[in-house]
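The sequence and the structure are shown first, and the description follows.

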Amino acid sequence: MRLLGLQSPLGQVLTACESAGHADPAGAWRALTRTWNWAAPLPAAVCDTDYPGATARPAPGGFTLSGLWSLPAPEEPGPWLTLPLPVTATGEPDLFVAAKALPRQSEPGRLIRLDDLYVPAGFVTHAAGTPLRAVDAAFLWTAVAALALGTARRVTDVLAAWCAGRVVGTPDSATTAAELAAVLHDERLSLAATLHEAPSTRQGLPAATEQRLAALVRRADQAVQHVVAAAYGNALTADLRSAPHPLVSLIEDGSPIFQQARCTTELLPPRDRTSPEEG
């Protein structure tokens, strides 16, 4: 993934990221967040470095965030904002993205104190990554959707292999795995057809192509959610007393990608255009 750039054709981004998500979901997510600071265009609160409680602690599926921040002006566009921590040597993410649930309807500069605010792992990134801009939205959409599709394809592979390796045959489960894989295949084909011969993000996409891409990314996320939920539900019907199902750790590894995919067209919408939701 580090070989990709904003000058890479989006069809190439789709292929490379789908493959990376299938091969190693956790590693692909680390590569994305360390290489690209996708939160760079979002408005940011200012962390009070003198406040001793400004910390981020790992929690199941994400982090808990504490500290004192000065919120940006409420008229700044977008429902999301970043809560940056001072740079540390821990290697942990230092940019945390929070939703509009935070009280931003206040005077500029108003302080807000957070005590163990939970932030899912899919909403954290690194400030040291190459900053993405609002005009780079199509790159982020494509990369995240592809990672999610690749990870979900890995889920169907693991489910199929688990079914094949059981002593007692499970034809229904095997059929389910094949059907779920077909759903993902159709979504990949739709995205690939839209991005066939599409230029890079920096070269610019026609507005109609960008809107279609946004719609397909949201549809792909819905398909991924359906596939992962169905695969996990199928696994839960098995007798797990002997050993944990292999899907459990895989879905945990992929959860940041799934979280990001659910909101990616909101986090980095194109600027000065009708939003895909309104379009």
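Asp-116 is found in strand 7, which spans residues 111-120. Helices (H or I, at least four residues) and strands (E, at least two) are DSSP runs, numbered from the N terminus. The model is a predicted one, in which local features need pLDDT of at least 70 and side-chain atom pairs count only at pLDDT 80 or more, whereas totals for chains, interfaces and linings use all residues. Residues are numbered from 1 along each chain as its sequence is written, and side-chain values use heavy atoms, with hydrogens and water left out.

**Backbone angles outside glycine**

Asp-116 has a positive phi although it is not a glycine. Glu-197, also a residue other than glycine, has a positive phi as well. Glu-197 lies in the loop between helix 4 (171-195) and helix 5 (207-236). Their surroundings are set out below, with buried meaning under 20% relative accessible area, exposed over 50% and partly exposed in between (1.4 Å probe, protein chains only).

| Residue | Phi | Relative accessible area | Class |
|---|---|---|---|
| Asp-116 | about 60° | 46% | partly exposed |
| Glu-197 | near 65° | 71% | exposed |

**Overall composition**

The protein has 6 helices and 9 strands. Of its 279 residues, 50% count as buried. The protein exposes about 13200 Å², of which carbon and sulfur atoms supply 55%; these areas come from the Shrake-Rupley method with a 1.4 Å probe. Contact means heavy atoms within 4.5 Å. Among contacts with a separation of 6 or more, 80% are accounted for by residues 24 or more positions apart.

**Strand pairing**

Two strands pair if DSSP finds at least two bridges between them. Three strands form an open sheet in the order 5-6-8, with antiparallel pairing. Strand 5 (81-84) and strand 8 (124-125) stand at the edges with a single partner strand each, so one side of each is left without a neighbour in the sheet. Strand 6 (residues 95-98) pairs with strand 8 over 2 bridges, and Leu-95 has Thr-125 in strand 8 as its bridge partner.

Strand 3 (residues 55-59) and strand 4 run antiparallel and are joined by 5 bridges. The bridge partner of Ala-59 is Gly-62 in strand 4. The two strands form a hairpin with 2 residues between them, and Gly-61 in the turn has a positive phi of about 80°.

**Aromatic pairs**

A search of the whole structure finds 3 aromatic pairs. One of them joins Phe-63 and Phe-96 edge-to-face, at 5.6 Å centre to centre with 80° between the planes. Phe-63 lies in strand 4 (residues 62-70) and Phe-96 in strand 6, so the pair ties together parts that are 33 residues apart in sequence. Both Phe-63 and Phe-96 are buried. Rings of Phe, Tyr and Trp (its six-membered ring) pair if their centres lie within 6.5 Å; planes under 30 degrees apart count as stacked, over 60 as edge-to-face and the rest as tilted.

**Nonpolar core**

A nonpolar core is a set of buried Ala, Val, Leu, Ile, Met, Phe, Trp, Tyr and Cys residues joined through side-chain atoms within 4.5 Å. The largest such core has 79 residues, and those with the most contacts inside it are Trp-69, Leu-83, Leu-191 and Leu-247. Helix 3 (residues 137-165) gives the largest share of this core, 18 residues. Not counting residues up to four places away in sequence, Leu-191 touches Leu-14, Ala-145, Leu-149, Leu-213, Leu-216, Val-217 and Ala-220.
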